[in-house]
Amino acid sequence: DNVLAFFKHVWLSGSQEEMVLKRDLHLAWLKKGLVSLPPNFCGLDASRPWFVFWISHAMEVLGDFEEQHWSPQVASFLLHCQDASGGFAGGPQQLPHLAPTYAAVSALMVAGTEEAYKVVDRAAMYGFLMRMKSPQGGFKMHDEGETDMRGCYCAIATASMLHILTDELLEGVPEYISRCQTWEGGIAGEEGLEAHGGYSYCGLAALCIAGRAESLDLHSFLKWAVNKQMTHEGGFQGRANKLVDSCYSFWQGAIFPLLHEAFRQSGADMKLPEEHCWFAPEPLQMYILLACQHPNGGLRDKPTKSADFYHTCYALSGMAVSQYDVAGHTPMVGHVATNLLERTDIYYNVLLEKAERKCGYFQNLPLEIDGQTVATREGPGAVAWRKHLETSKKL
C-alpha cells in the first residue's frame, strides 16, 4: 500500500524530484561485494565469475569502474577459473560450464585491457564450444549436461566477443532456436515449453549476433513482447500471469531494440518507428527508481525483497537500454546528472565502448587449431548494428 501511495504521489504531483538514482549508495555496496562476499554466499561457490560480471558491469554502467584498480584483479581471478581443456568454471578447480564461461568472458570485456583479453585461451575455448554442441542443434551447458536456450546464447555470444565465430559453430543453431519459438511468439527454454523473457532474449540475441534473426517469426515475437510490459507498475513480467520483476527490465527491455535492428537488417517491408522501439521507457525507469532501489544500497526484484547483485546488474542494464532510443535521443525520467547511465551493447550487455574496444585486440588475431589457421569472425549482426550507430551519428 505504501508503494502504491508513493507512485500516486509522484504521478499527481508531476514532480520528478523523487526519482533519483542513488548512484553513490549503490556503488559503495557494489565495491564492497567485489572485494569480498560474506560466508552465507558459500552455497553459490559455483557462480563466482557471475558475481564478478554482475558487479563490475553494474559499476561500469554507473560510470565508475576504475580499470587501473579493478581490471588486474578481475583478470587474475578469472585466469584461475579457466579450465585447461577450454572454457571457464564456476570457480577454481571446478568443471567448465557455458554459463560461467559467458560470465567470465563478459567480465574480461568489462575489464577492457590487453592483460584481461590475454587470459582467454581462444583455441581451447573453441574446442570447448564445439564439444558442447548438441545433435539437436543447440548447446549443452556442460559435459553430459542439459541443452537449452541459455547454451545457445552463452556459446554464440562468447564466440562472437572473442571473434572466433564460425559456420561450423553455428550449424543447426537457427533451426534449433526457431523450433523453440512458441505459438505465443516468444521463445521457450526448450521445445514444447512456455515462452519466457530470459530465454526469449537468449534465443533472439544469439540469432541477431549471427545475423540470422529472420529464422524467427519476428512479427509474432513483437506481439508477444509488447504485452509483457505491465500497465500499473511500468516494469516487465517474464511470462504470462507472473508478477513484474526488475531483472526483466533487461531480458524483456533489450528485446525491442534487437527486434528493431533485426527488422532493419532484414530489409523488412514495414515502416519502422523512428523514435521508439514499441515499449514505454519512462514507466519502466519509474518502476526501477521508485520501487527497486534498496535503502541500504543495491537494487531488488520488487518492494519487500532484499537487494542482490543479479537484480542490481539487470535492473541497471535494462534502465540503460531504455535511455537510448533508435534516433539517438535519451528518453528518461529525472535529471541527466544523476540518472543517465552509460550506453550498453544490446547484443553482449557490456558497455558499447568496450564492445568496440575489444576489436582492436581480437579482430586480426588468428586462431590456430592443430597447426591450421581457422577463418573466424565476430557475429555480423552485432558488427552491422555498431556500424549503423556510427553512421547515424554522422547524419
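1. Start with H11 and H20. In this predicted model, helix H11 (residues 197-210) packs against helix H20 (residues 380-394) at an angle of about 75°, and their axes are 4 Å apart. Angles of 65 to 115 degrees count as roughly perpendicular, so that is how H11 and H20 sit relative to each other.

2. Which residues make that contact? On the H11 side they are Cys208, Ile209 and Ala210, and these meet Pro380, Gly381 and Ala382 in H20. By type, the contact of H11 with H20 has 5 nonpolar residues, 1 polar and no charged.

3. Next, the aromatics. The structure holds 27 aromatic pairs. One of them, Trp50 with Tyr102, is tilted, with 5.8 Å centre to centre and 55° between the planes. Both partners are buried, Trp50 as well as Tyr102.

4. Trp50 belongs to helix H3 (residues 48-61) and Tyr102 to helix H5 (residues 98-111), so the pair ties together parts 52 residues apart in sequence.

5. Now the overall fold. I see 20 helices and 2 strands in the secondary structure. The radius of gyration is 20 Å, close to the 21 Å from the globule rule for 395 residues, so the protein is as compact as a globular protein of that length. Its C-alpha trace spans about 70 × 50 × 45 Å along the principal axes.

6. Last, burial and contacts. Of the 395 residues, 57% are buried. Among contacts between residues at least 6 apart in sequence, 69% join residues at least 24 apart.

Definitions and conventions
Residues numbered from 1 in each chain as written. Predicted model: local features only at pLDDT ≥ 70, side-chain atom pairs only at ≥ 80, totals over all residues. Heavy atoms only, no water. Axes fitted to C-alpha atoms, helices over the stretch in contact; angles between N-to-C directions. Parallel < 35°, antiparallel > 145°, perpendicular 65-115°, else oblique. Contact = heavy atoms within 4.5 Å. Nonpolar A, V, L, I, M, F, W, Y, C, P; charged D, E, K, R; others polar. Phe/Tyr/Trp six-rings, centres within 6.5 Å; stacked < 30°, edge-to-face > 60°. Buried < 20%, exposed > 50% of the residue type's maximum accessible area, 1.4 Å probe, protein only. Rg over C-alpha atoms; globule rule 2.2 N^0.38 Å.
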